[in-house]
Amino acid sequence: MSSVNTSYLHPKEFILIGFPGMENYQTWISIPFCVMYISALVANVLIIYIVKVNESLHNPMCVLLAALSVVDLALCSLALQILKIFWFNERAIAFEACLFQMFCVHFFSSLESSILAIMAYDRYVAIYNPLRYMSILSYRFLAQVFLSLFLRDLILFGLLPIFASRLPFCSSNVIQHCYCDHMGIAKLACTDISLNNALGLLAISCIFGLDVIFIVFSYALILKSVLKVGSKSALRKALNTCGSHLFVILYFYTTLLFSLLVYRSGQKVQPEIHVMFAVLYLLVPPVLNPLVYAIRTKEIRHAFLRIVLTKKVNSSKQSARC
């Protein structure tokens, strides 16, 4: 692929490098990313469809899984910008489009974090007080909680593109990344960015920090509740379920923390390693979430099998008529 000319600065656009120093290999690198994107797309659309067409799945747990799939679809679809760079060498992105992409990356990531926090509470109620599950986690309660977290995420991360749009860019418009994110844009500014840095840390602390604390606290209460029962089978089942959930959650927040630390104190980290983690941060959770949360859920698994069997029966009847 051709190298990027950084000598000319167009004030109305940014240039996305992709993987710095690996431009000649980006077509090959794009293959696993494309496979992950298609896998995430198919799996999450399938989950949304299964929950929608099965009335037996219209309960808080499955509704939350469907909501998580919607957010995952939006999050992984941001990878299309990355594939455009890899396949068509389309590195230029308009200034406004870059700010919008930056907002979407952070906003949908925060929504995913919020839904994971609600799902942790959902599992705690299901184990601690199953008889009052539907009365505690009513649709009205879930709507109120989700709306509150939605507004929190929208306001805090909505401020980032507003502040970034006011920064002066006078030295370079080349972003050493596959997509636009807050600190990647802010570091190009030829002025003090301490306010942007502080705003970014505030948003991360108020959203991801509080969500992590709530998730850890919820799963600690789940473990405590299971230990009180004293049943080895119940403990083994809870550890199996919670362990897989915590693995996905740990990956999600670890990659986020890695990116955060690299921007602020990671001069020794190779740029391609940072970009690789940032891309996997967008693609891996949408692939893992359907596997861990949905396929391992008995109700969704049985509903999927019923749909497959029904289609086979209908197909056999049509063949017999012919």
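Where does UniProt place the feature "transmembrane region"?

**View 1. Annotated spans in the predicted model.** The unreviewed UniProt entry places this feature at residues 28–51, 63–87, 99–121, 141–164, 201–223, 244–263 and 275–295, an annotation that may be inferred rather than shown by experiment. Residues 141–164 are 100% helix and 0% strand, with end C-alpha atoms 35 Å apart, while residues 244–263 are likewise 100% helix and 0% strand, with end C-alpha atoms 29 Å apart. This is a predicted model, in which local features need pLDDT of at least 70 and side-chain atom pairs count only at pLDDT 80 or more, whereas totals for chains, interfaces and linings use all residues. Residues are numbered from 1 along each chain as its sequence is written, and side-chain values use heavy atoms, with hydrogens and water left out.

**View 2. Helix α4 against helix α10.** The axes of α4 (residues 95–128) and α10 (residues 271–295), helices being DSSP runs of H or I with at least four residues, come within 12 Å and cross at roughly 25°. The two helices are therefore roughly parallel, a term for angles under 35 degrees. Contact (heavy atoms within 4.5 Å) is made by V105, S109, E112, L116 and M119 of α4 and by Y281, L282, P285, N289 and Y293 of α10.

**View 3. Strand β1 and its partners.** Strands are DSSP runs of E with at least two residues, and two of them pair if DSSP finds at least two bridges between them. Strand β1 (residues 13–16) runs antiparallel to β2 (residues 92–94), joined by three bridges, and F14 stands opposite I93 in β2. With β3 (residues 174–175), β1 pairs in the parallel sense over two bridges, where I15 stands opposite V174.

Technical notes:
Axes fitted to C-alpha atoms, helices over the stretch in contact; angles between N-to-C directions. Parallel < 35°, antiparallel > 145°, perpendicular 65-115°, else oblique.
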